[in-house]
Structure formats: structure tokens, C-alpha cells
Amino acid sequence: MAKPTTEMQAVLDKLAALDAKPFSTLSVPEARSQATPADAARAIQWDKRLSTNPEAQVTTRDIAIPSKAGGLAARVYIPGGKGPFPVVVYYHGGGWVVADINVYDGAPRALALGANAIVVSVEYRHAPEHKFPAAHEDAWTAYQWIVENIHELNGNADKIAVAGESAGGNLAANVALMAKSMKTKQPVHQLLVYPVAGNDMNTPSYTENANAKPLGKADMEWFVKNAFASMDETSDKRLNLVGRTDLAGVAPATLIMAQIDPLRSEGEAYAAKLKDAGVKVETKTYPGVTHEFFGMAKVVPEAKQAMDMAIADLTAAFSK
């Protein structure tokens with residue numbers, strides 16, 4: 001396994017100091033209530049007295065998106081200026097089991113500021129209470145509603161992108177594919193950050209990073225056990241994106257991976273499959289960083305580089 005950078009290691013050390021345990025050793029309630037990598041990054045930011053500006057100037061508004069399952073919570077991040085703004089529909093990570101829009105605040109806030117876009121961070125039903133495909137259904141419902149209603153929040157639905165991290169990266173990829181197959185409003189871009197894109201847990205990166213923190217192989221097995229009724233379900237095309245043959249014509253994509261991450265190989269494989277299908281793809285795997293690094297731009301230099309790449313690609317897509 002590769003060695004984390006000094007800054008990344010500092011986050012992992014802080015996470016350990018906050019007494020976070022591997023998911024695979026915890027019950028679901030324990031896993032949901034323990035400190036997160038985002039907490040660790042924020043604690044370092046605090047220790048170093050790093051300013052929360054300019055991201056703190058982004059205003060937020062909490063809304064509920066109607067769905068058959070009841071209202072889906074969502075947080076709308078609004079940049080300064082007049083608008084109407086382009087829109088990013090963002091799906092948080094957490095293996096469809098843990099975390100929420102409060103935990104994943106760093107990335108949507110930075111994207112709103114950097115891309116001068118409204119970012120709608122969408123909550124979805126979690127497993128094990130609501131197993132697969134509940135989160136996928138909610139992700140699609142939210143996207144459709146945002147397309148139809150974002151003008152009321154000063155957003156421009158003709159310039160809409162999807163984005164997500166980890167399990168949320170899988171949701172974002174599925175929304176883009178659904179929009180294509182349903183022949184509805186296509187996103188102009190998809191930003192996929194270490195997405196769950198396959199069901200093979202014996203890839204090179206799974207083997208190499210079996211014991212990685214904050215996400216190792218046993219933790220992914222724990223998420224799958226909680227999120228799916230059975231292992232057989234993971235062959236579903238919504239999970240096993242790398243097995244799909246219908247990728248042509250989907251929105252251009254940016255894929256960002258971390259070197260020290262079991263999900264790296266499947267993310268790289270999905271980027272390659274998209275390219276082979278004729279989709280325009282920008283992709284980079286950042287060395288010396290782990291799963292969950294993306295929202296840590298204030299304290300991890302590679303996260304700042306990855307965020308800059310994401311913002312540049314979104315800005316280019318919105319300017320067309």
C-alpha cells in the first residue's frame with residue numbers, strides 16, 4: 001500500500017484521535033454517530049486557524065424535494081451575484097448507509113463558489129432501513145424535480161451538471177445514464193469522485209488497499225451487506241457500471257480517484273469504458289491520498305488540485 005502524504009496522514013491521525021473505528025467493526029448506529037474524515041479535516045483547519053473564507057460567503061437554503069417516499073431533504077448552496085446560475089446536483093457519499101448533507105459540506109460549498117453555480121446537495125433514503133435501489137430512485141426523483149423547478153431558485157436548468165462522491169458518485173453516474181435512456185434533460189457534465197462503479201472486490205486496488213483507512217475492503221463488504229438484500233444484487237447494472245455496454249452518448253465526465261482507495265481500479269476502469277464508448281473524459285488519480293480526500297482542499301494540497309480540476313471542467317461545460 002502506498003504511503004499517505006504528510007498532510008493526508010495528519011488527517012488520518014486526527015481521525016484516529018477522534019476515536020473513529022473501521023466501519024466493519026461497528027453497528028450501523030455506531031457507524032453513523034462516530035467522527036468522520038470531514039470532522040478530522042475541519043479539526044485540523046481549526047487547529048491551524050485557517051480561515052473558512054471565501055467559501056463561508058456562499059449562502060445556503062434548506063428545502064424539501066417531494067417524492068413518493070416523502071420529502072427528500074436538500075441543501076441549496078447559492079453563490080454571490082445575480083444569476084440565473086448554472087446548477088450542480090450533488091450526491092454525498094457514505095456507502096448508502098452513513099453520512100448526510102451535513103457531513104458532506106466541503107465539496108458542494110467549494111463547487112458553488114468556484115464554478116459560480118447553484119449546488120443542490122440531495123439527501124436520499126439510507127440502507128439498511130431502505131435497501132437498494134431506494135437511494136437510486138431518490139437520486140433520479142430529485143434530479144427530475146430540480147430540472148423542472150430550479151428556475152424558481154434562480155438556476156438555469158439548461159446548464160445542469162451532476163456530481164457525487166463514492167456511493168454518491170455512483171448515483172450521479174446513474175442519473176446521467178437514466179437521463180440518456182429516458183431521453184429527458186441530459187446533464188451537460190458529470191463529476192464522479194471515486195465512484196462505486198463495480199462489484200469485483202478482487203481488483204488490484206482492493207488487494208493493495210485492503211486495510212486502508214478510512215476505507216478498506218472489509219468496510220466495503222460491510223456497506224454492501226447493509227445496502228443490498230444479497231450479494232447477487234450487486235451485479236445490477238446500476239452498481240456494476242463497468243459491466244455496461246450502453247455508455248455511448250452519456251454526458252462528458254470528469255473522474256477523480258485517490259491512489260490509496262479500494263475503489264480506485266473500478267473508477268479508472270469506468271473512465272476507460274466511457275472513453276471507449278466515445279464519451280469525452282478527463283480523469284486523474286491523485287497520489288498519496290485516500291478515499292474521502294476530495295472535500296479537504298483547506299488542509300490537503302491534492303484535494304485543492306482535484307477541486308480546481310473539477311471546477312475548471314464544470315466551468316468549461318457551463319460556458320458552452
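**Cavities**

About 50 Å³ of space lies in the second largest cavity of this predicted model, in which local features need pLDDT of at least 70, side-chain atom pairs count only at pLDDT 80 or more, and totals for chains, interfaces and linings use all residues. Residues are numbered from 1 along each chain as its sequence is written, and side-chain values use heavy atoms, with hydrogens and water left out. On a 1 Å grid over the protein atoms alone, a cavity is a set of points where a 1.4 Å probe fits but cannot get out, whereas a pocket is an open set with protein on both sides within 12 Å along at least five of seven lines; lining residues have an atom within 4 Å of a point. Grid points are joined across faces, edges and corners, and a volume is the space filled by probe spheres set on the points.

The lining of the second largest cavity includes Trp-96, Arg-125, His-126, Phe-132 and Ala-227. Helix H5 contributes the most to this lining, with 3 residues; helices (H or I, at least four residues) and strands (E, at least two) are DSSP runs, numbered from the N terminus. By class, the lining of the second largest cavity has 6 nonpolar, 3 polar and 2 charged residues, where Ala, Val, Leu, Ile, Met, Phe, Trp, Tyr, Cys and Pro count as nonpolar, Asp, Glu, Lys and Arg as charged, and the others, Gly among them, as polar.

The count comes to 2 cavities of 30 Å³ or more. The largest cavity has a volume of about 60 Å³, and among its lining residues are Trp-96, Asn-199, Asp-200, Tyr-206 and Leu-239. This lining comprises 7 nonpolar, 2 polar and 1 charged residues.

Helix H1 (6-17) and helix H8 (217-227) each supply at least two residues of the lining, and the largest share, 5 residues, comes from H1. The lining of the second largest pocket divides into 12 nonpolar, 6 polar and 5 charged residues.

**Helix packing**

Two packed helices are described by the angle between their axes and the distance between the axes. Axes are lines fitted to C-alpha atoms, for helices over the stretch in contact, and angles run from 0 to 180 degrees between N-to-C directions. The axes of H5 (residues 134-149) and H6 (residues 167-181) come within 9 Å and cross at roughly 60°. H5 is therefore oblique to H6; angles under 35 degrees count as roughly parallel, over 145 as roughly antiparallel, 65 to 115 as roughly perpendicular and the rest as oblique. The crossing of H5 and H6 is right-handed: a crossing is left-handed if the near helix is turned anticlockwise from the far one by less than a right angle, and right-handed if clockwise. Contact (heavy atoms within 4.5 Å) involves residues including His-136 and Trp-140 of H5 and Asn-174 and Met-178 of H6. This contact has 8 nonpolar, 3 polar and no charged residues.

The axes of H4 (residues 106-115) and H10 (residues 301-319) also come within 9 Å, crossing at roughly 50°. H4 and H10 are therefore oblique to each other, and H4 passes H10 in a right-handed crossing. Ala-107, Ala-110, Leu-111, Gly-114 and Ala-115 in H4 meet residues of H10, among them Met-307, Ile-311 and Phe-318. The contact of H4 with H10 has 9 nonpolar, 2 polar and no charged residues.

The axes of H1 and H3 come within 8 Å and cross at roughly 105°. H1 is therefore roughly perpendicular to H3. Ala-10, Val-11, Lys-14 and Leu-15 in H1 meet H3 residues that include Pro-37, Ile-44 and Asp-47.

**Backbone features in loops**

The peptide bond from Asn-53 to Pro-54 is cis, with omega near 0°. Pro-54 lies in the loop between helix H3 (37-47) and strand S1 (59-65). A cis peptide bond also runs from Phe-132 to Pro-133, with omega near 5°; Pro-133 is placed in the loop between strand S4 (118-122) and H5.

Ala-99 has a phi near 70°, a positive value in a residue other than glycine, and lies in the loop between strand S3 (85-91) and H4. Glu-292, likewise not a glycine, has a positive phi of about 80°. Its position is in the loop between strand S8 (281-290) and H10.
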